[in-house]
Amino acid sequence: MKIALVRPPDPEPPPNDFGPPWDLAMAAACLDAAGLAVRGHDWQRAPLETLEARVDRLLDEAAPDVVGIFTEYAQRHHAFAIARRVRERAPEVRVVLAGELPAAAPEVSLRESGADAVVLDEGEEAWPELVGAWAEGRDPASVSGLILATAEGPRRTAPRPLREDLDALPDPAYHLIDEAGTPDAGPEGAAPEIASVHCSSLRRALVVRGSRGCFYRCRFCVESTRSSKVRGLSPERLVDQIAALTADAPGTDVVFGDSLFTFDRERALAVSRALAERALGVRWSVMTRTDHVDVELLRAMAEAGCVEVAFGVESGSWTVQRAIDKRLAPDTIGPAFAAAREAGVRAVLMLMVGNPGETPATVRETIARVRGLEPDRVLIKTAKLEPGSRLWADEEAAGRVGEATLAGPVPYPPHLESAFSAADIAGFKERLHPRTSWIDLGALPDPLAARAAIAWAAPR
């Protein structure tokens, strides 16, 4: 059996390149470990007008028995189009969907795509089991963690138990994935030359996930509905993985995809110390909360190569914090940013306007709370409805979103209805300024270093 895994084009690919998708690389790793022939194809940056031709070429040249398509919300229609094209050109080929959108809305995904199955949530180990069942002519209903298309309608198999021992999983197989339209990395050491909509200042990096799950219950977050038990790779296994992934590509950075990198302070310290001892020369960035850091921890992270910490603050109002179940104490925000500055780590302030409980008064409270922080970057987003989140479930129950939304033409998740307009958001951004950076160009050794320094500061 030959398997082709695909990520569809992204309507707005970010200016930063974080390498092939992590979930696709993990599925490829498990298939490869089972002795199956697998190849991944990252088409996120591929032109839309070439999509049909790419599918045809894949079917003609690779002749896969199974095509797996990984998609998020914005890519869903391209994913469905790929599935339908495979069905049209090679009806004998099995089609499987995976990713955040199919896992959250499997019935709609199966109907719109004509796929044979959906792999749910943490399903990398389900891939070889599903392919093996088909190869042997067995009913895949015995494989846990799937939604199967049947003549009677979608059929859900038994839930797949969450893996406790993440160390036993293989490293993500980035080497098995081809990338289309990857941007030039630019000069060594250069940061993005345009401001990224993502929180990382790194230009080229691989995504590494050292943990899964989250014990916080933020209403806007999909991950909070999956598992409240946080499981992590051991510090030794995580550092070994980073060393292996970056060994063949000197200068490769790492973006941690963990929702809460510092969920366990002692573990974060152990990871940082192990990275420093190995002297891998890898720069890295993380996301976390302001109530899960301190100066000692941030200094250890900086010494190990951490260059940026993105703080998901969302709101400086305790009213909003309670309403969205994030429950981040506002008085932890200032000390966390001060600690990052003292440790020499870039700090990103991430805010979300328009959540439940938001009013002009709570917005003013947030601005007053964060105005003097001088973060290295400010990202302000409006609250969106992601399928699979509790906010989506609330709005679906009220009849404001549903299958018609998912089948509709708008590529991005809808915003939660609020009293704030785009002009309001722009006004908020104008009142929150990132920290000013000064660059002594005369002290830099050559034009390349000057270009890298200016690029590093550009997002400010």
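# A tour from E314 to the cysteines

Select E314 to begin: its relative accessibility is 9%, so E314 counts as buried (under 20% relative accessible area; over 50% is exposed, in between partly exposed, with a 1.4 Å probe and protein chains only). The model is predicted, with local features requiring pLDDT of at least 70 and side-chain atom pairs pLDDT 80 or more, while totals for chains, interfaces and linings use all residues. Residues are numbered from 1 along each chain as its sequence is written, and side-chain values use heavy atoms, without hydrogens and water.

Strand β14, residues 306-314, holds E314; strands (E, at least two residues) and helices (H or I, at least four) are DSSP runs numbered from the N terminus. Now show what surrounds E314. Neighbours within four places in sequence aside, E314 is in contact with F220, I324, K326, M350, L351 and M352, where contact means heavy atoms within 4.5 Å.

Next, colour the open sheet of eight strands. Its order is β7-β6-β5-β4-β3-β1-β2-β8, and the pairing is mixed; two strands pair if DSSP finds at least two bridges between them. At the edges are β7 (155-156) and β8 (177-179), each of which pairs on one side only. Within the sheet, select β1 (residues 2-7) and β2 (residues 37-42): these run parallel and are joined by six bridges. Opposite L5 stands G40 in β2.

Helix α1 lies across β1, β2, β3 (66-70) and β8, and runs at about 170° to β1. Such angles run from 0 to 180 degrees between N-to-C directions, and axes are lines fitted to C-alpha atoms, for helices over the stretch in contact.

Move to helices α3 (residues 76-89) and α5 (residues 106-113), which pack at an angle of about 45° with their axes 8 Å apart. That angle makes α3 oblique to α5 (under 35 degrees is roughly parallel, over 145 roughly antiparallel, 65 to 115 roughly perpendicular, and the rest oblique). To display the contact, select F80, A83 and R84 of α3 together with S109, E112 and S113 of α5. By class, this contact has two nonpolar, two polar and two charged residues.

Finish with the cysteines. How many disulfides are there? The count comes to zero, a disulfide being a pair of cysteine sulfur atoms within 2.5 Å. For C214, the nearest cysteine sulfur is that of C218, 6.3 Å away. C214 counts as buried at 11% relative accessibility, and C306 counts as buried at 4%.

Conventions. Ala, Val, Leu, Ile, Met, Phe, Trp, Tyr, Cys and Pro count as nonpolar, Asp, Glu, Lys and Arg as charged, and the others, Gly among them, as polar.
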